[in-house]
Amino acid sequence: MTPTRQATVRLTQFAHGGGCACKIPPGELEEVVSGLTVPQLTGGDTPLLVGLATGDDAAVVTLPGRPGTAVVCTADFFTPVVDDPYDWGRIAAANALSDVYAMGGRPVLAVNLLAWPRDRLPFELAREVLRGGLDIATEAGCHIGGGHSVEDPEPKYGMAVTGIADPERLLRNDTGRPGLPLSLTKPLGLGVLNNRHKVTGERFAQAVATMTALNRDAAEAALAAGATCATDVTGFGLLGHLHKLAKASGVTAVLDTAAVPYLDGAREAVRDGFVSGGTRRNLEWVAPWTGFGTTDADTRLLLADAQTSGGLLVAGEVPGAPVVGELVPYDGAHTIVLE
């Protein structure tokens, strides 16, 4: 924990939520999209490989005349998760790019998505947000080609990203198989530390460093290890995203709670009550499909903690990442079992 760094404007105070914790609750979202089917387009030569059905991280289509190339498309934006505008821009960009990496792709082009309360916040801050996004996109080797902006009572920023991938080497959330280990490439606790920052102004350098770290190397390592199943861990928490992966793959996940890594200060933040409403909704949503055993209340909240720009959850071993569980045959009762 570092001393509080005072900012002229505290961006987090202009938003009702922060980061991926402001997502629509997963249960409500499932109800909204339930029954919406994607029609099979006729007369086209760009088959949809990944769409709405499994709730994966991005959509994927193949290119006509390019059997070895698929296009990966995604969009992600959210309200301020930190007060520093440059850091917020970097975090939002890394988070948006992550959806492409989570599919095994490489981002090539992004456009900015900016909502700004022009009568309440100076545009100099918006420039810093965009500069942060540009720097992360440059680090990723991804072009920025403009974007779209609207006036909004709450500031919001993110990106729509297009990437490319090998359609035969995608990372999907519906290809998990019994016997595969589960690897997690970033520690948990981003949500509770961000919430503490929003309430107290304390700055957590370890959280910012984690959120601005690209998932590029983790994705490349997963592909090199032969993995075919992965997702990133963001607003629905580890339990929520693991539930979606296990459900899509038709398996049960066994999570070794003692092996899950956490950021410094995360447990203290839970202990002191800095738990977002999004995290509590995540836990409530996943509870019917989870066997909690003797797992204590604080650990349950951390496992459901709404992450922003979290790591990859990979069905397979990733060098340097802890193995936090395994996939086993579906037991007919639980999608997730905690040990």
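Setting aside residues up to four places away in sequence, Asp57 touches Thr74, Asp99, Ala102, Met103, Ala230, Thr231 and Asp232, where contact means heavy atoms within 4.5 Å. This is a predicted model, in which local features need pLDDT of at least 70 and side-chain atom pairs count only at pLDDT 80 or more, while totals for chains, interfaces and linings use all residues. Residues are numbered from 1 along each chain as its sequence is written, and side-chain values use heavy atoms, with hydrogens and water left out.

Let's stay with Asp57 for a moment. Asp57 lies in the loop between strand 1 (48-50) and strand 2 (59-63); strands (E, at least two residues) and helices (H or I, at least four) are DSSP runs, numbered from the N terminus. With 12% relative accessibility, Asp57 counts as buried (under 20% relative accessible area; exposed is over 50% and partly exposed in between, with a 1.4 Å probe and protein chains only). The side chains of Asp57 and Thr231 are joined by a polar contact of 3.0 Å (a pair of N or O atoms within 3.5 Å; within protein, one must be able to donate a hydrogen and the other to accept it, and residues adjacent in sequence count only if both atoms are side-chain atoms).

Next comes Asp99, which sits in helix 2 and is buried at 7% relative accessible area. The side chain of Asp99 makes a polar contact of 2.9 Å with that of Thr74.

Now turn to helix 6 (residues 216-224), where Ala218, Ala219, Ala222 and Leu223 are buried. On the other side of helix 6, Asp217, Glu220 and Ala224 are exposed. Helix 2 (85-102) and strand 11 (312-315) are among what covers the buried residues of helix 6.
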